[in-house]
Amino acid sequence: MIKYIEKESFLHRINPISKIVILFIFAYSLFLFNYWEIEVLALVSVLFLYVVSGIGLSKIEGKKFFITFSLSLFIINVLFIREGDAILNSGIIKITTNGIEFAIFSVARFLAIVFSSFLFVMTTEPNKLAYSLMQAGIPYRYGFTLVVALRFVPTFQFETGNVRNAQAARGLSVDKISIKSLYMMARYTFIPLIRSTMQYIDTLTVSMEGRCFGAYDTRTYIEEVGYGKKDVALLILSVIFLIGIIYQRFGQNLF
Amino acid sequence: MKKRLKINQKNKYYFTTKDLVTIAIISSLGGVLSTYVGYLGNLINRFFGVPFGAGQFMAGLHMFWVIFAIGMLNKKGTGTFVGILKGFVEFLSGGKLGLFVIILSGIQGLIADLSFLPFKKDSTAGYIVAGGLSTAANVFIFQIFFAPYEALPLFLAISVVALISGFVFAGVFPKNVVELFKVKSNDEGKKVSLKRSITLGIIGILALGAASYYLTQPLGKDGIDISGNVDIPYTFYPQNFRNEEVTINAELKGDYTYVGHKDYNGIPLNSIIKKSNPQGNKIRIIAKDLYEVSFSLEEIYGNNEVIITENNGSFTLVAKGYAGGYWIRDINRIVIE
């Protein structure tokens with residue numbers, strides 16, 4: 001599982017809000033240009049950040065998934081895009097330059113977005129993100145839902161394991177693929193979990209209301225999430241970068 | 001002086017504390033179980049021997065939580081809220097789609113909310129439609145962001161699988177679970193039959209398919225209507241111009257699309273216009289989506305390098321030497337003014 005890794009790199013020190021805004025701008029900019037070279041350059045830059053931040057590429061989990069998915073995406077694009085100069089043409093199968101370029105483009109874009117997101121997760125403490133969002137102006141009642149949701153992730157992972165182990169002990173498995181068998185499989189997993197989570201809802205609500213949660217329009221924080229000059233500078237640079245690429249992409253129509 | 005804080009009255013907020021806790025818990029559980037849903041999807045992929053696609057059969061389970069929360073709370077905006085929050089949980093737990101999952105899940109939640117609007121509270125049809133549409137939307141959104149539309153048959157097949165999955169796992173299933181858990185003040189809720197819902201869902205898909213087929217028929221079936229200030233209005237069919245077909249080598253340079261030099265076969269616009277004996281001096285070329293470009297008659301007359309090509313009943317203008325914006329696709333009308 002990809003999770004926060006405690007370190008002292010420059011990426012760890014950036015304010016979570018600045019970091020998530022930069023991440024959104026980065027992802028958005030990848031969709032503005034349809035050139036495979038740009039997407040590949042972006043992917044290489046992200047991988048470079050893994051190295052310089054001290055995280056290391058070995059921390060990327062699910063390599064098998066990414067290799068399988070990327071290969072499938074590549075093959076589908078190569079086989080279905082038939083425009084462009086033919087490299088191989090044997091009747092049904094036609095491989096063209098456009099197909100290969102688009103395949104590289106799709107895979108690089110997908111990986112660049114996913115790996116940059118992983119980098120964000122590995123360098124950002126989830127609760128700090130939630131608290132910095134609240135400190136930035138998101139109503140704390142709503143921001144708190146993120147804190148609660150994240151708080152319960154390990155609990156629900158544990159409970160899901162219990163339910164699945166209980167199913168395995170009863171010999172429950174998908175013997176044949178049919179709508180009904182899958183429906184029943186989902187039912188036997190989801191319903192016990194929902195039943196057990198209902199008690200958390202009641203307990204937590206009583207506990208929060210008992211502490212007058214929501215009684216005031218604002219709240220105080222034990223620890224303020226810092227927002228330094230470098231965060232402002234990074235945000236300004238990112239916005240300038242965004243304006244620049246939007247101008248490059250739509251400039252003729254905007255002005 | 002001590003500042004006196006004003007205590008808000010109870011029920012001031014649209015979402016009560018219990019609503020927010022419910023949303024948070026359901027989103028958290030949904031985020032955690034997305035791994036399990038992925039596992040079930042992979043099981044089906046392996047069964048069919050494909051790398052991905054068949055796993056869409058379980059896609060409805062990702063939306064189950066959104067629809068379940070809407071059913072439990074019955075408040076507008078719940079779907080979007082759960083969608084975004086579940087997306088955040090998946091994102092911060094290292095979900096395989098990264099940042100994209102927040103956008104995907106948020107849009108699906110919004111679609112679920114909007115789909116419930118025309119229906120009465122707790123209506124079974126509302127659950128099925130919202131579940132189906134919001135689940136199928138994942139294929140569409142994913143295609144927009146990462147995959148080409150060139151693979152249209154594959155895209156449609158996967159969309160139908162996702163739609164059926166949505167009917168079952170994000171429609172019937174959450175409806176039945178809500179009935180099980182919700183404390184009802186009046187009568188007991190009715191359980192929805194899986195078989196009946198699937199049958200209704202398939203009938204719905206067929207009806208939608210038929211309606212979209214008739215609604216998207218071009219004005220000039222497999223042809224382009226030539227009209228306006230002309231002596232002989234007619235419908236252009238490429239087969240009537242086969243002996244005038246030419247091959248040109250052109251390069252498409254758009255603002256963000258580039259296709260290198262390649263050969264295109266088609267009929268010169270010049271020949272198509274001449275047949276109608278035009279009296280005006282401006283040619284408007286209009287696509288099905290109403291996008292249009294125009295040329296002066298002067299620049300087209302005698303120019304055999306602006307041609308109309310046909311591919312599977314769709315007409316595209318290949319305008320050598322013109323910017324990519326002139327390479328209009330899906331043409332169905334030409335008007336002379």
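In which helix of chain A does Ala149(A) lie? Ala149(A) lies in helix 7 of chain A. Helices here are DSSP runs of H or I with at least four residues, strands are runs of E with at least two, and both are numbered from the N terminus. The model is predicted: local features need pLDDT of at least 70, side-chain atom pairs count only at pLDDT 80 or more, and totals for chains, interfaces and linings use all residues. Residues are numbered from 1 along each chain as its sequence is written, while chains are lettered from A and ligands numbered from 1 in the order in which they are written.

Ala149(A) is buried, because 29 other C-beta atoms lie within 10 Å. A residue counts as buried if 20 or more other C-beta atoms lie within 10 Å of its own, as exposed if 12 or fewer do, and as partly exposed in between, with C-beta atoms placed from the backbone. Neighbours within four places in sequence aside, Ala149(A) is in contact with Ala24(B), Ser27(B), Ser28(B), Leu85(B) and Val89(B). Contact requires that the C-beta atoms of two residues, placed from the backbone, lie within 7 Å.

The contact between the chains takes 69 residues from chain A and 56 residues from chain B. On the side of chain A that touches chain B, the elements giving two or more residues are helix 2 (16–32), helix 4 (63–80), helix 5 (97–123), helix 7 (140–151), helix 8 (153–169), helix 9 (179–210) and helix 10 (229–254). Helix 9 of chain A gives the largest share of this side, 18 residues. By class, the side of chain A that touches chain B holds 43 nonpolar, 17 polar and 9 charged residues. Here Ala, Val, Leu, Ile, Met, Phe, Trp, Tyr, Cys and Pro count as nonpolar, Asp, Glu, Lys and Arg as charged, and the others, Gly among them, as polar.

Chain A has 10 helices and 2 strands. From the N terminus on, its elements run α-α-α-α-β-β-α-α-α-α-α-α. Of its 255 residues, 29% are buried. Among contacts in chain A with a separation of 6 or more, 72% join residues 24 or more positions apart. Helix 5 of chain A has 27 residues and reaches 39 Å from its first C-alpha to its last. That is close to the expected 39 Å at 1.5 Å a residue, the expected span being 1.5 Å times one less than the number of residues. Helix 5 of chain A is mostly covered, with 24 of its 27 residues buried.

An unreviewed UniProt entry lists residues 20–36, 42–58, 65–82, 102–122 and 232–250 of chain A as "transmembrane region". UniProt positions follow the numbering used here, feature names are shortened, and annotations may be inferred rather than shown by experiment. Residues 20–36 of chain A are 82% helix and 0% strand, with end C-alpha atoms 24 Å apart. Residues 42–58 of chain A are 65% helix and 0% strand, and their end C-alpha atoms lie 19 Å apart.

For chain B, UniProt (unreviewed entry) lists "transmembrane region" at residues 20–40, 52–73, 94–112, 124–147, 154–173 and 193–215. Residues 94–112 of chain B are 68% helix and 0% strand, with end C-alpha atoms 25 Å apart. Residues 154–173 of chain B are 100% helix and 0% strand, and the end C-alpha atoms lie 27 Å apart.

Chain B has 9 helices and 9 strands. Of its 337 residues, 42% are buried. Five strands of chain B, written 2-1-9-5-6 in order, form an open sheet with mixed pairing. Strand 2 (234–236) and strand 6 (292–296) of chain B stand at the edges with a single partner strand each, so one side of each is left without a neighbour in the sheet. Neighbouring strands of this sheet are turned by 25 degrees against each other on average, direction ignored. Axes are lines fitted to C-alpha atoms, for helices over the stretch in contact, and angles run from 0 to 180 degrees between N-to-C directions.

Strands pair if DSSP finds at least two bridges between them. Strand 1 (residues 224–228) and strand 9 (residues 331–336) of chain B run parallel, joined by 4 bridges. In strand 9 of chain B, Ile334(B) is the bridge partner of Ile226(B). Strand 5 (residues 282–287) and strand 9 of chain B pair in the antiparallel sense over 5 bridges.
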